[in-house]
Every structure is written in structure tokens, then in C-alpha cells.
Amino acid sequence: MTEKTSIKQLETDLWSAADLLRSSANLNANQYCMPVLGLLFLKYAYGRYKKVEAELMKNRPMRHGVAMPITAQDFRAKSALYLPREAQYDYLLNLPHDIASANIVDEEGRQLSKLGDVVNYAMRLIEEQSDQLKGVLPDTYNIFQDETLFDLLRTFNNDRLEQVGGDIIGRIYEYFTGKFSKAVADGDGVFFTPKSLVQMIVNIIEPKRGTVFDPACGSGGMFVQSGDFVNNLGMNANSTLTFYGQEKVDFNARLCLMNMAVHGLNAKIKSGDDANTYAKDAHNLIGRCDYVMANPPFNVDGVKEATVSGSPRLPFGLPGVNKEKQISNANYLWIQYFYAYLNETGRAGFVMASSATDSQSKDKNIREQLVNTGHVDCLISVANNFFYTLTLPCTLWFFDKNKREENRDKILFIDARNYYTVVERTINEWNEWQMRNLNAIVWLYRGETDRYKALISDYRMWLNDFCHRYDNAALQPAEHSWQAYREGIEATLALFKGHLKELEDEMKATRKRQEKAELKELVVHTAQQVEAATEALDVINQAIWLVEKFGEEGEYKDVAGLCRIATIEDVASKNYSLTPGAYTGAAAVEGDDVDFTTRMKEIHSELEELQRQSADIFKTIKANESLLWK
């Protein structure tokens with residue numbers, strides 16, 4: 001199984017096990033969410049603790065032949081969280097089932113007799129080690145029966161967490177947060193922003209140094225992706241970025257702080273009524289931010305005019321006010337706030353309801369002033385079903401107060417409504433290569449052709465590596481055209497799938513245990529080959545999608561139905577609409593009478609079918625495990 005599949009399977013297995021325990025405990029998602037994420041947090045914190053402890057023990061000073069004891073201060077010097085013994089994961093995991101027999105006494109001298117009380121005590125001990133976590137960690141573990149809580153601890157003590165490697169707990173934490181969002185998300189969608197949208201925002205505004213602010217920070221996805229972006233550049237996020245967040249819902253703010261801690265990031269988060277962004281600039285950040293990013297609630301009404309009137313965060317004036325003296329739609333409150341928080345060279349990226357790009361009346365007047373600043377940089381239309389809890393489409397907006405001179409009076413419009421990967425019937429996303437392709441269009445708009453060429457090189461390196469690994473005569477890397485790559489991969493995929501079918505049939509017909517065992521190994525190996533070839537087919541399709549439009553060297557051009565660079569005069573001629581489709585138009589019909597939109601829908605269907613087949617293959621593998629012993 002490939003590492004990618006291993007991680008996905010591990011996520012699925014852990015979720016299934018934990019969710020089964022939730023069902024047996026008869027708890028709803030709101031009750032269960034925070035304690036489960038707390039245990040994942042504890043598992044991750046313990047893993048980091050052990051790594052730092054090992055580092056500290058290297059060349060440890062000795063006294064009387066004994067290594068000097070490690071202190072909490074030693075961990076703080078390493079920007080790591082110190083865990084007292086009673087707060088360490090293996091300590092909890094190895095407690096006797098008769099908790100009273102362990103003679104555990106809490107900070108007030110009370111002897112603890114339930115595992116839930118012991119875990120609550122562990123969380124309090126951790127909070128004492130971190131100002132950022134005070135009052136944040138869950139303290140409701142006594143809602144579980146001891147046996148259920150022991151089962152949860154065992155579930156997250158999975159050996160594969162260490163085998164997969166990397167920041168796997170952080171990834172699983174994000175996965176669980178996303179799964180919980182389906183059940184406990186607020187109706188306005190502020191709970192959880194899909195990862196591909198967050199990553200697209202981060203990739204385009206490129207937060208590297210300075211102040212990052214999310215005034216609707218939810219569970220902290222913008223901060224986590226920003227940290228990853230900086231760390232991937234070989235820098236330390238906590239040294240180069242300062243994170244500020246506001247989140248009215250305390251529950252979400254607690255998730256954010258835990259999420260930050262899971263990923264080793266520091267943040268200043270304010271929550272509750274004092275962090276109601278409509279009314280308060282809780283961190284006094286007007287004009288001070290290098291980067292602003294957010295996914296605010298869409299189309300909110302009922303914000304009182306008196307709450308926001310005269311605010312310096314509204315440089316272009318109040319949106320429409322109804323007869324009840326309330327803002328009719330808060331979208332242009334948020335849009336102006338994001339702009340007002342930027343310093344003289346700042347960038348902003350945010351998610352917004354699609355309707356905001358051409359709303360009329362006061363909104364249109366605000367939008368006109370905003371466009372005329374020259375700081376609107378790019379807008380990307382996104383398809384339906386990118387959110388777990390909402391089906392409506394959205395638009396990504398980007399501001400840049402430090403555009404290159406050639407782009408001062410220009411705006412890049414991208415219509416990506418027909419470009420995505422189907423994950424489930426009601427969930428779409430951009431995969432890694434699709435995000436890089438859309439990002440490449442922005443690079444060309446900014447004149448960064450070297451980055452485009454580097455992406456083309458990455459495609460060739462990835463495909464050549466695939467060719468070498470499978471050493472198929474149809475897939476020799478020497479000077480093949482992109483189309484030749486695709487034909488070779490399609491032939492290889494068909495070969496692997498045919499072989500897999502033969503092996504499965506043979507396994508069903510075989511009765512000898514040893515032969516079944518040997519066939520099972522071949523089935524697993526061939527299923528891995530099918531998965532790898534399926535992934536390769538998607539990669540080559542994405543490469544062809546990009547190269548057919550902008551060539552090997554990366555020469556920007558407007559592409560009907562996809563992208564266009566418009567001037568401010570162009571925007572004025574369209575009544576200051578910022579709807580990308582109004583500028584890109586419909587996809588052009590190619591010479592072979594295949595139009596872009598239709599072909600992309602066909603590709604989506606093909607990829608969805610391949611993904612379904614891949615899932616079926618691994619179901620077959622699991623089924624064959626039981627067949628082996630019949």
C-alpha cells in the first residue's frame with residue numbers, strides 16, 4: 001500500500017473505531033467531539049515530548065555519574081510542551097482497570113477512582129504548562145464509562161501512527177475536525193473551511209514574514225496552512241510569523257488553540273463577545289497586518305447600524321441599511337474589514353459568497369471604490385460542494401497593496417467552476433496538482449515564469465519516476481510527448497487491472513491455504529500498482545491541462561472559460577462586476593469540436609469512476625483476508 005493510501009486508510013480506520021465507541025456510549029457529536037480531539041492532542045503532545053526528551057538526553061551534563069534531571073524549563077527552551085508524568089499518554093494507557101488501586105491524588109488532594117477524572121486531571125496539568133492552553137482543553141471525560149475511555153486510548157495508540165511517519169497526528173487531527181464539522185458545524189459554515197480552499201489562499205498570498213490575522217478564525221485552518229507554508233520553505237513559522245485570531249464562538253476558539261498546539265504553533269486568539277468582529281477590533285490591528293485571511297459567515301443580516309457606523313474599518317462607507325436600522329447584508333462589512341487591516345504592502349485572501357461579486361446598491365458603490373484603489377488582485381470562482389455543510393458556490397478574493405507595476409490597474413479573473421476532483425457525491429476539492437495548476441496561472445500573471453517552468457519540471461520528474469518504478473516498455477521516459485505519457489499510463493493501468501482481476505478469480509477458486517496466502521500477497525501488490533497507475537493518469541491529465549493552455553515555457557494568455565486579465569477600465573465597463581465568468585466567458589470550442597467545459601466534466605466522471613474502482617479494490621483485499629482462512 002502506498003504511503004498516501006496508508007494515511008487515508010489509517011484516518012478512516014481510526015475514525016470508524018472512535019465513532020463506533022461514540023455510538024456505544026450513546027453520545028452526540030457535540031458531547032463527543034472535544035474529548036476525542038483532546039485525546040488526539042494528548043497523543044501528539046506525548047509523541048513530541050518523547051522526541052524532545054531524547055534530544056535533551058544527548059550529551060546531558062552528569063553529576064556524580066548521573067545525568068542531570070530534565071525540567072520543564074528545558075522543554076520551554078525547545079519551544080516544546082512539558083508533560084508531567086500523570087499527563088503522559090503511556091501513563092494513562094497503562095493504568096490498572098481498578099483506578100482506585102493506582103492511588104492517584106489530584107492537585108486538591110482528592111483520590112481519583114474513575115479514569116475520566118484521571119484524564120481530566122491530566123488535562124489540567126497540561127494547561128498549567130502553557131498560558132495558551134489555559135481553560136482550553138476538554139474536562140468532560142467523566143461522561144465516559146471507564147471501559148469506553150480505555151478503548152479510546154487504545155484506539156489512538158495505533159502503531160501505524162509511528163510507522164507512517166511525519167506529522168501524521170496533525171493530519172489525523174485535521175481529518176477528525178473535518179468529519180466532526182459535518183455534525184456540529186454552525187449553519188453559516190464558519191466552523192470549518194475545506195483544506196483545499198485554505199491552501200489555495202495561502203499559496204496565493206504567500207505568508208512568509210510578519211503579522212497574520214484571521215478575524216473569523218474558526219478551528220484555525222488558515223494558521224495551520226500558513227505554518228506549513230513557511231516551514232516547507234525551511235523557516236520556523238513561530239519565528240517569522242505572528243498569528244492573531246478572533247472567533248466569537250468559544251467552542252471553535254478552543255478547537256483553534258488545540259489545533260495550533262497540535263501543530264506546534266503559537267497564536268493570540270480572542271473569543272466570546274469581546275471578539276465579535278462585527279463590533280470589535282479586538283487586537284487593534286487596523287493598518288498593521290501583513291496578511292489577512294478568512295472564511296467569514298456569508299450573507300449575514302441583522303448587524304446593527306449603530307454597532308458599525310463610523311468605524312475606521314469601513315473606509316468606503318456603510319453597506320445598505322434596512323428600516324430596522326440593521327445592515328441588510330454583512331458581506332461588504334467583512335470585505336472592507338479585510339482591506340482596512342492591511343498595512344501598506346499587505347495581502348489578503350478570503351472566501352466570500354459568489355453573490356457579493358456583483359451585488360448592487362450600496363455594495364456596488366463600495367466595490368467601485370475598492371476596484372479604483374488598484375489593490376484588487378485576483379478573483380477565483382469555485383464550484384458547488386466544496387463545503388461539508390453548504391452546497392452553494394463561492395469566490396476567493398485576493399487583495400495586494402504591493403502589486404508589481406505592470407499589474408497596478410489589472411485584475412486576474414479565474415473561473416474554476418469546472419475544475420475540481422469529486423471526493424464523494426456531495427464533496428468536491430482541488431487535489432495537489434489542480435491547486436498547483438491554478439497557482440501557476442497566478443504566477444504567470446505576476447511574471448513569475450521561473451516558477452511555472454519549475455512546475456513543468458516537477459511534472460516530468462514525477463512521471464519519469466513512475467516510469468522507472470514500473471519499467472514498462474510503453475513508459476520509457478526518453479523525450480516522450482505528454483500525449484505519449486498518457487497513452488502509456490492508460491495501457492499500463494489496463495494491464496494492472498486485468499492482472500488484478502485474474503488474481504482475484506484465481507484466489508476465489510483456490511482452496512489450499514498456502515496458495516491463498518501467496519495469492520493474497522500478489523493481490524495486494526497488484527492493487528497497489530492499480531492505485532499508483534490511477535494516480536499517474538490523473539497527474540498526466542493535469543499536466544496536459546496546463547501545458548495545452550500555457551505551453552512548456554509558460555506564456556500567459558487569456559483562456560476562454562478559464563482566465564482573463566482585465567483592466568480597471570474593463571471592470572468599469574461592466575458596472576464594476578467582479579464575477580469571473582463575466583470576463584472569461586464560455587469555454588472556446590476546439591477544432592475537434594470538443595469544448596472545454598464538456599471535456600472537463602467527462603474527465604471528472606472518469607476520475608470519479610477510477611477512484612470508486614480503487615476503493616472497491618481495497619474492499620476486495622479486506623474481504624480476501626477472511627477468504628484466506630476459510
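Two strands are said to pair if DSSP finds at least two bridges between them, and in this predicted model strand 12 (residues 410-415) and strand 15 pair in the antiparallel sense over 5 bridges. In general, strands of a sheet pair through backbone hydrogen bonds, either parallel or antiparallel.

Both strands belong to an open sheet of 9 strands with mixed pairing, whose order is 5-4-3-6-9-11-10-12-15. At its edges lie strand 5 (267-271) and strand 15 (563-567), each of which pairs on one side only, and neighbouring strands are turned against each other by 15° on average, direction ignored. Helix 12 (residues 250-262) packs on this sheet, where it touches strand 4 (241-247) and strand 5, and its direction makes about 170° with that of strand 5. Helix 16 (residues 432-445) also packs on the sheet, touching strand 10 (376-382), strand 12 and strand 15, with a direction at about 160° to that of strand 12.

From strand 9 (342-353) a loop runs to helix 15 (362-372), and Thr357 has its place there. Thr357 counts as buried because its relative accessibility is 2%, under the 20% limit. Its side chain reaches the backbone oxygen of Ser354 at 2.9 Å and makes a polar contact with the side chain of Thr579 at 2.6 Å.

Turning to the cysteines, how many disulfides are there? The count is 0. For Cys217, the closest cysteine sulfur, in Cys256, is 4.1 Å away and therefore too far for a bond, as a disulfide needs the sulfur atoms within 2.5 Å.

Key:
Residues numbered from 1 in each chain as written. Predicted model: local features only at pLDDT ≥ 70, side-chain atom pairs only at ≥ 80, totals over all residues. Heavy atoms only, no water. Helix = DSSP H or I, 4+ residues; strand = E, 2+ residues; numbered from the N terminus. Buried < 20%, exposed > 50% of the residue type's maximum accessible area, 1.4 Å probe, protein only. Polar contact = N/O pair within 3.5 Å; in protein donor to acceptor, adjacent residues only side chain to side chain. Axes fitted to C-alpha atoms, helices over the stretch in contact; angles between N-to-C directions. Contact = heavy atoms within 4.5 Å.
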